[in-house]
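The paragraphs below take the salt bridges one by one.

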Amino acid sequence: MNNFNFLNNETEDKLYIITSGLSGGKDEGLVKDLSSSLIKSGSVLNIQFCNDPFYKDEKLEEVDRLTFEYCFKRLDREIESSTKNHKRNFNEIIFVGHSFSALISIYYLYRIFKNKKDVLYKLTLLDKSSSVDILKFIKTDQKDIILSSRLIKYLENNNEVEMLKKLENNGVKIKCTESDELGANHEFEGREIRSRIAEIIKKM
């Protein structure tokens, strides 16, 4: 099984990295539909970070053992692999993160954005999860915790709101879209809704 997908657009030097939820959601409908739309404008990378109801692989972590550090390593590896194997040199990288993957995208981009001065980074956040809200939920409803202690500690020590301000101040273009703005549910279901999201991303 491939726990990532790379769709190569040979004519555009742009890479979209599309992820959803805790797992990355490689096979989820939102990720697939956005990938199908955005491949016309650039190459697309989808990553599965851990197992979920759509995807099972014994080589992957279970969701309750997932850490941000592991997600960062996977992103490093698959971006490098896609670039080298297809002899690509992307000058624009757009992270599209939905729900919990929006946090993963913010934290990861904050780590790397200063490393490559010749790359233009953009960030699209769809129904972004809030670290503050997640931590509040954990404190009030501990029986439903499915997050690892390391992942929780990372949320406690890293404020994504401050990171977003610093990213924006350093020239990273950021677009936040909430489902209720489009009259959609959290999964942004519906062909028309997902087409609208793809257009929003393309216009960034």
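In this predicted model, Arg194 and Asp33 form a salt bridge through their side chains, with an N to O distance of 2.8 Å. The two residues come from distant parts of the chain, since Arg194 belongs to helix H7 (residues 191-202) and Asp33 to helix H1 (residues 29-38), 161 residues apart. Asp33, with a relative accessible area of 35%, is partly exposed.

A second salt bridge brings together the side chains of Glu69 and Arg150, here with an N to O distance of 3.6 Å. Because Glu69 is found in helix H2 (residues 68-85) and Arg150 in helix H5 (residues 149-157), this pair ties together parts that are 81 residues apart in sequence. Glu69 itself counts as partly exposed, at 28% relative accessibility.

Lys122 lies in strand S5 (residues 120-126) and Glu92 in strand S4 (residues 92-98), so the contact ties together parts that are 30 residues apart in sequence. Both Lys122 and Glu92 are buried.

Salt bridges can also share partners, and in this way Arg74, Arg77 and Glu78 are joined into one network. Counted over the model by the rule applied here, the salt bridges come to 12.

How values were computed: Residues numbered from 1 in each chain as written. Predicted model: local features only at pLDDT ≥ 70, side-chain atom pairs only at ≥ 80, totals over all residues. Heavy atoms only, no water. Salt bridge = Lys/Arg side-chain N within 4 Å of Asp/Glu carboxyl O. Helix = DSSP H or I, 4+ residues; strand = E, 2+ residues; numbered from the N terminus. Buried < 20%, exposed > 50% of the residue type's maximum accessible area, 1.4 Å probe, protein only.
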